[in-house]
Amino acid sequence: MVTYDFSLAKKHHFQVMAGHEAQESSWEQLVGTRKGFISDTVHNLDVGDAATATNSNGGSEWAIESYYGRLNYNFNDRYLLTASIRTDGSSNLGANNRWGTFPSAAVAWRINNESFMKNVKAITNLKLRLGYGIVGNQNAGNYAYGVTMKNTMTAWGTGYYPGNYSNPALQWEETKAWNVGLDLAMFDNRVEFIVDAYYKKTDNLIMQASLPSYIIDSESIGLSAPYVNAGAMENKGLEFTLNTVNISKKDWTWRSNLTISINRNNLTRLYSDDSKILGRLGDDVYTQSEVGRPVGQFFGYNVIGMFMEEADFYQRNAVGEFILDASGERIPVARPADSNGNLYPIAENSIWVGDYIFEDVNKDGKIDEQDRKYIGNPNPDFTFGFNNVIAYKNFELSFFFNGSVGNDVYNILRRKHTDPLGWGNKMKEVADYARVELIDPSGDRVISNVRVTNPGTASVQRVSAAGQSNNDNNRVSSRFVEDGSYIRLKSLSLAYNLPKHWLQKINVDWMQVYVNAQNLFTISKYKGYDPEIGAQGQNVILMGLDNSRYPSQRIFNIGLKMNF
């Protein structure tokens with residue numbers, strides 16, 4: 001990299017930079033295992049049972065080459081220009097699409113340095129900023145455009161087959177971003193306000209294609225989905241920052257920092273207008289992304305109640321009267337249907353009081369996959385952070401809050417452990433299952449003689465000696481979508497700077513003793529361990545899914561810092 005810095009006529013200042021970079025990396029591994037060791041004291045493969053020996057090996061490599069340059073121009077410390085361009089070639093992408101070029105430019109106007117601002121003493125800094133740029137993304141895995149090989153045992157020995165579908169047309173994902181911002185500092189920098197508005201349009205989204213589960217989930221010869229350029233999306237938002245010096249005295253200082261971020265996401269294009277991206281975990285679909293909606297919204301069945309008595313199995317009008325068909329029979333509410341489209345019967349070993357009622361979205365009288373709908377959004381209305389530093393003489397106290405407002409979380413852990421007939425441990429709420437009893441203890445166990453006795457407190461479906469219900473009460477549904485809003489004391493620190501005259505005898509310039517606590521408490525309505533979920537495997541279409549995520553730990557530190 002080379003940089004040239006120079007000025008012309010004192011008011012014109014230039015800085016020019018150009019560079020080149022090449023990276024290459026490779027790795028290999030060899031793995032051998034045995035079982036049946038007679039002792040843990042000897043760590044040698046030969047000590048294990050030779051009949052249990054296995055071995056495997058693997059490896060990969062990647063490379064990227066880059067050329068880049070930048071120009072900075074400053075006129076009289078009032079008008080600023082930054083322009084840059086870079087070209088990158090990645091081994092992850094197809095041979096005909098390996099190289100991408102990404103320019104950017106930004107201008108700024110220091111308004112407070114203009115002559116008409118000289119008499120405005122209250123304003124310390126006033127800057128207007130405008131920027132545009134293109135950023136590339138090639139994060140698709142090593143040689144993602146090509147085909148890997150797998151092996152399997154056959155009657156004729158070891159056989160080989162492709163491990164994934166190839167896509168030699170895979171190319172750079174590009175994000176075009178526009179940004180406008182304003183920096184305002186007042187009262188000798190006691191108050192600083194920064195606001196940014198941005199619009200980002202991402203094209204040629206890189207992600208793995210959605211394939212049928214019978215292709216990608218086969219244990220023996222499953223093929224991985226290819227990486228593709230799936231479509232386009234946009235993000236737009238606002239970011240606010242407020243920095244204040246609340247107290248500034250000889251022995252006391254107090255500084256605060258507040259940030260608020262608002263972002264709105266929208267999928268603008270896919271393979272075709274009716275294409276959808278499904279977010280799967282195992283065999284279950286938890287999210288769906290389609291054109292015109294945010295990416296990764298929760299998708300499933302909507303629970304609208306529970307069957308408490310016989311009357312709940314039939315449709316009623318606004319005043320509670322049963323709706324009758326032409327023959328005078330009561331019209332049933334929608335229930336799950338079998339593969340032939342026939343409604344499952346009202347029976348204890350089928351669908352019974354104590355089962356959930358699902359919304360008939362398409363109004364066809366039965367509950368099936370066509371009745372799934374959007375049931376939650378993992379994207380927050382806004383996020384925030386609030387930091388404070390308070391100093392008194394040699395003591396310094398700092399604390400930082402962060403939080404999120406308006407986002408939903410899908411609690412997969414509750415889905416797994418609130419099924420009273422499911423395998424494994426159960427959560428506390430299962431104790432309040434729907435209790436079904438006979439209305440007339442001397443009567444028969446028929447639908448007209450049973451009811452749920454705890455309708456106000458029943459938190460999960462019934463327990464049945466007949467086995468699992470045909471209603472599939474623990475299907476992916478709105479039951480497990482929860483408010484993920486929270487506020488958390490992320491960090492709390494207290495430090496003491498030792499007086500300099502104490503340190504002179506030991507030739508130490510500065511020494512600080514501190515204690516720090518992280519994640520002290522979280523205020524949230526979320527029932528899981530931690531509402532700060534993020535994405536499964538850093539996959540944007542699997543945001544907000546709590547699949548037994550390990551919670552943030554409460555951490556305490558005591559430390560010493562010093563400079564010699």
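**A loop residue and its setting**

Tutor: Phe187 is placed in the loop between β9 (173-186) and β10 (191-203), where strands (E, at least two residues) and helices (H or I, at least four) are DSSP runs numbered from the N terminus. The model is predicted, and local features need pLDDT of at least 70, side-chain atom pairs count only at pLDDT 80 or more, and totals for chains, interfaces and linings use all residues. Residues are numbered from 1 along each chain as its sequence is written, and side-chain values use heavy atoms, with hydrogens and water left out.

The backbone of Phe187 deserves attention: its phi is positive, about 55 degrees, although the residue is not a glycine. As a general rule, most residues other than glycine have a negative phi. Phe187 counts as partly exposed because its relative accessibility is 49%, the class lying between buried (under 20% relative accessible area) and exposed (over 50%), with a 1.4 Å probe and protein chains only.

Asn76 sits in the loop between β3 (49-75) and β4 (79-90), and with a relative accessible area of 32% it is partly exposed.

Asn164 occupies the loop between β8 (157-162) and β9. Asn164 is buried, since its relative accessible area is 13%. Not counting residues up to four places away in sequence, Asn164 touches Gly146, Val147, Thr148, Leu223 and Ser224, contact meaning heavy atoms within 4.5 Å. Tyr271, 107 residues from Asn164 along the chain, has its C-alpha atom 20 Å from that of Asn164.

Asn519 is a further loop asparagine, found between β30 (510-518) and β31 (522-524). It counts as buried because its relative accessibility is 11%. The Asn519 side chain reaches the backbone oxygen of Gln553 at 2.8 Å. Apart from neighbours within four places in sequence, Asn519 is in contact with Arg488, Leu489, Lys490, Ser552, Gln553 and Arg554.

Arg488, Leu489 and Lys490 are also among the contacts of Phe400, together with Gly385, Phe386, Asn387 and Ser491, when neighbours within four places in sequence are left aside. Phe400 lies in strand β24 (residues 395-405) and is partly exposed, at 28% relative accessibility. Phe400 and Val31 are 369 residues apart in sequence and 45 Å apart in space, C-alpha to C-alpha.

Glu21 is likewise a strand residue, in β2 (residues 12-35). It is partly exposed, with a relative accessible area of 36%. Ser66 is 45 residues away along the chain, yet the C-alpha atoms of Glu21 and Ser66 are separated by 5.1 Å. Beyond residues up to four places away in sequence, Glu21 touches Ile64, Glu65, Ser66 and Tyr68.

Glu429, by contrast, is in the loop between α2 (412-417) and β26 (436-438), and its relative accessible area of 18% makes it buried. Its side chain makes a polar contact of 3.0 Å with the side chain of Arg414. With residues up to four places away excluded, Glu429 touches Arg414, Thr418, Ser459 and Val460.

Turning to the whole, the protein has three helices and 33 strands. Its radius of gyration is 32 Å, well over the 24 Å that the globule rule gives for 564 residues, so the protein is more spread out than a compact globule; the radius is taken over C-alpha atoms, and the rule is 2.2 Å times the number of residues to the power 0.38. Along the principal axes, the C-alpha atoms fill a box of roughly 100 × 70 × 60 Å. Of the 564 residues, 35% count as buried. Among contacts between residues at least 6 apart in sequence, 64% join residues at least 24 apart.

Key. Polar contact = N/O pair within 3.5 Å; in protein donor to acceptor, adjacent residues only side chain to side chain.
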